[in-house]
Amino acid sequence: MVKIAFNSALAQKALGKVELVSEKDPETASVYNHESSTGRCLLTLLGLAFILTGLIVGGACVYRYFTPKKLYHGAMHFTEMDNEDVREPYYLPRIDEEVEIRDNIAIINVPTPRFGEGDPAYILHDFQRKLTAYLDLNMRTCFVIPLNTSVVLPPQDLMDLFMQLMSGSYKTYLVHEDLVVTERIDDVAQLGFYIYHLCDGKETYRMQRRSELMGIQKRSAEDCFTIRHFENKFVTATKICKP
Ligand SMILES: *[C@@H]1O[C@H](CO)[C@@H](O)[C@H](O)[C@H]1NC(C)=O
């Protein structure tokens, strides 16, 4: 239709020498014109598709990186396991935590306890690599140990626990664990992306449970500190000692 209209309009207006040109040109011009309008239309659609894709991908990126991450907050009151002393829960020591759970990791922020002892720390559980890293914020030092799956709940269960904690206070007991630094790790990159990001630029050590260590340990010369935290329905006091 475009072609015909173009031709007839040209035929009516074209005279003499122009007609010679118009004999061929309108044909090619109109064909060209027709194709170009289809082409332009396709290009516009393609452009729109690109813009839409860009907006969707961009939106997802903005959502992922610029909105505040979903943090769960939870608190537990605890008593020593063998302590039969019955006091009001109000006076019991309390551990607060903020946790971020995504993909296959959980990052727990343990602030300085308001009551009782303990260092503030970041604890990262990498469920894929099966490693746990403690970043002690007083010492700015990282300590790494294999993930203890009998203590640390898997991500979904951990999320459920924090959901439960958000709806009320929780009273539980305290478990002690005794860890000893064994060696310094120079290449933090071998510990995977997440621990690398937590521990890069900090002194990083490997640890072992004291019960697994062979030989006599000279405890007197050790430099020890404790991080109190939970990633299950009980509180763990992790005592870390550096020889
Ligand atoms: C995990 O922790 C529990 C409680 O502290 C302990 O009894 C157990 O030996 C640990 N398991 C490993 C593999 O370290």
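A residue counts as buried here when its relative accessible area is under 20%. Glu177, with a relative accessible area of 10%, is therefore buried. I will come back to Glu177. The model I am showing is a predicted one.

First, the overall layout. The chain has four helices and ten strands. Going along the sequence, their pattern reads α-α-β-β-β-β-β-β-α-β-α-β-β-β. The chain has 243 residues, of which 37% count as buried. If you take the contacts with a separation of 6 or more, 57% of them are between residues 24 or more positions apart.

Now helix α3. This helix covers residues 155-166, twelve residues, and at 1.5 Å a residue the span should be 16 Å; the C-alpha atoms at its ends are 17 Å apart, which agrees. Which residues of α3 are buried? They are Pro155, Leu158, Met159, Leu161, Phe162 and Leu165. Around the helix axis they cover an arc of only 160 degrees, so they sit on the same side of α3. What do they pack against? The partners are three strands: β1 (72-80), β2 (94-102) and β3 (105-110). Just after the helix comes Gly168, with a positive phi of about 160 degrees.

Next, the rings. A pair of aromatic rings is described by the distance between the centres and the angle between the planes. There are five aromatic pairs in the structure. Phe162 is buried, at a relative accessible area of 0%. Phe230 is also buried, at 0% relative accessibility.

The pair of Tyr173 and Phe234 has ring centres 5.7 Å apart and planes at 15 degrees, so that pair is stacked. Tyr173 belongs to strand β7 (residues 171-184) and Phe234 to the loop between β9 and β10, so the parts tied together are 61 residues apart in sequence. Are these two buried or partly exposed? Tyr173 has 33% relative accessibility and counts as partly exposed, whereas Phe234 is buried, with a relative accessible area of 13%. Elsewhere, ring pairs link Phe143, Tyr205 and Phe225 into a cluster.

On to the ligand. The residues around the ligand are Asn148, Ser150, Val151 and Arg209. Two of these have a polar side-chain atom to report. For Asn148, such an atom lies 2.2 Å from an oxygen atom of the ligand. For Arg209, the distance from a polar side-chain atom to an oxygen atom of the ligand is 3.1 Å.

Glu177 is located in strand β7. What does Glu177 touch, leaving aside neighbours within four places in sequence? The contacts are Tyr134, Arg209, Thr236, Ala237, Thr238 and Lys239. For Lys239, the C-alpha atom is 6.1 Å from that of Glu177, although the two residues are 62 residues apart along the chain.

Thr236, another contact of Glu177, is in strand β10. At 3% relative accessibility, Thr236 counts as buried. Beyond its neighbours within four places in sequence, Thr236 is in contact with Val151, Leu174, Val175, Glu177, Ile227, Arg228, His229 and Glu231. Val151 in that list is also one of the residues around the ligand.

Last, some backbone geometry to check on the screen. Most residues other than glycine have a negative phi. Which residues other than glycine have a positive value here? Among them are Lys130, with phi near 60 degrees, and Arg140, with phi of about 50 degrees. Lys130 is in the loop between β4 (121-126) and β5 (131-136). Arg140 is in the loop between β5 and β6 (141-146). Arg140 is exposed, with a relative accessible area of 53%.

Technical notes. Residues numbered from 1 in each chain as written. Predicted model: local features only at pLDDT ≥ 70, side-chain atom pairs only at ≥ 80, totals over all residues. Heavy atoms only, no water. Helix = DSSP H or I, 4+ residues; strand = E, 2+ residues; numbered from the N terminus. Expected span 1.5 Å × (residues − 1). Buried < 20%, exposed > 50% of the residue type's maximum accessible area, 1.4 Å probe, protein only. Arc of directions from axis to C-beta. Contact = heavy atoms within 4.5 Å. Phe/Tyr/Trp six-rings, centres within 6.5 Å; stacked < 30°, edge-to-face > 60°. Near = heavy atom within 4 Å. Polar contact = N/O pair within 3.5 Å; in protein donor to acceptor, adjacent residues only side chain to side chain.
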